[in-house]
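Subject: Handover of a structure

Dear colleague,

Please find below the structure that I am handing over to you.

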Amino acid sequence: MAETQPTNPLDAPDAAPAAVAREAAAVIADRTGVARHDIALTLGSGWGKAADEIGETIALIDAAEVPGFSKPALDGHSGTLRSIRLSSGAHALIIGARTHYYEGHGVRRVVHSVRTAAATGARVMVLTNGAGGLRPEWAPGTPVLIRDHINLTADSPLEGATFVDLTDLYSPRLRALVQGVERLDEGVYVQFRGPHYETPAEVRMAGVIGGDIVGMSTALEAIAAREAGMEVLGLSLITNPAAGISPTPLDHGEVIAAGKAAEDRLAELLARSVAAVAAELGLGGAPADGAREA
Ligand code: 8IG
């Protein structure tokens, strides 16, 4: 008997992405028992350990059971969505199920998790990734704050004549909060389509046009987050010098080791940053300083 292809509601010709995101958010609220999440995080390569440091896990959901999330591609493992309660009482939604643009399922699928996060109530979207670095002083394992981006995918998550201002897309006040936790370099993230890495000539081009970091995610997600009204924080873990930046070819084992060595530090950085963001925005139980009535 022929199995029917699993269908994704986002792929229906008349699908409304925002409506699918609301359905997804309703499933998340139902499965977690958390009516509203305050902050959402997508954890990319190297950042996964942070989930355990941010707070207490309330619920784990298989992303495949949430409308619009992609079914497993190769290894039968679809990501998980995790609901965490911070000590402040704020609720964080951890998205461990990123769909990359290079998978070729279209940009709607790429940004569905971000739209879903907004529909759960999240006011802040934290996007993290592993990426290549253009500055030679960035050793593998260096975290960098994203200050701005250049989108080289020639695509957009916005549909129709939707004009969204991207000035200060990577929130200056959230960057300042992270800088207060740990002093970090900031850089411009350049999203390439991938999945191949860049040639040295492409990396030189990225530098000439103002880029510092090369990767294959985040820019499209950040645009969708802004469209949905969220404030965006972006962090890259430099796992390797971009092609042609280092005179010696990269040893894959060394890169993996550098990532592993950085894990604990990144987890602590992110957990402290999230706590600072929750306090600043008055997310969760405790009101922020200054929000208190006399
Ligand atoms: I990890 O060097 C990682 N992801 N585009 N280039 C691009 N993406 C990356 C790289 C890199 N390293």
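Helices (H or I, at least four residues) and strands (E, at least two) are DSSP runs, numbered from the N terminus. Just after α6, Gly229 takes a positive phi of about 90°.

This is a predicted model, in which local features need pLDDT of at least 70 and side-chain atom pairs count only at pLDDT 80 or more, while totals for chains, interfaces and linings use all residues. Residues are numbered from 1 along each chain as its sequence is written, and side-chain values use heavy atoms, with hydrogens and water left out.

As to confidence, pLDDT (the predictor's confidence in each residue, from 0 to 100) averages 90 for the protein, and 92% of the residues score at least 70. Over residues 286–294 pLDDT stays under 50, and the model has five contacts (heavy atoms within 4.5 Å) for them beyond four places in sequence. Where pLDDT is low, the predicted coordinates should not be read in detail.

Helix α6 (219–227) is largely enclosed by the rest of the structure, because seven of its nine residues are buried; buried means under 20% relative accessible area, exposed over 50%, and partly exposed in between (1.4 Å probe, protein chains only). The buried residues are Ala219, Leu220, Glu221, Ala222, Ile223, Ala224 and Ala225. They pack against α3, β5, β6, β7 (186–191) and β9.

The largest nonpolar core has 35 residues, and Val66, Leu81, Val114, Met125, Ile213 and Val232 have the most contacts inside it. Such a core is a set of buried Ala, Val, Leu, Ile, Met, Phe, Trp, Tyr and Cys residues joined through side-chain atoms within 4.5 Å. Among the elements that each supply at least two residues of this core are α1 (17–32), β4 (91–95) and β9 (231–241). Helix α3 gives the most, with five residues. Apart from this core lies another, of 34 residues, including Val124, Ala262, Ala271 and Leu283.

Two residues illustrate the packing. Leaving aside neighbours within four places in sequence, the contacts of Val232 include Met125, Leu127, Ala222 and Ala225. Thr116 is found in helix α3 and counts as buried, at 1% relative accessibility.

Finally, Leu152 lies in the loop between β6 and α4 (172–181) and counts as partly exposed, at 32% relative accessibility.

Yours sincerely
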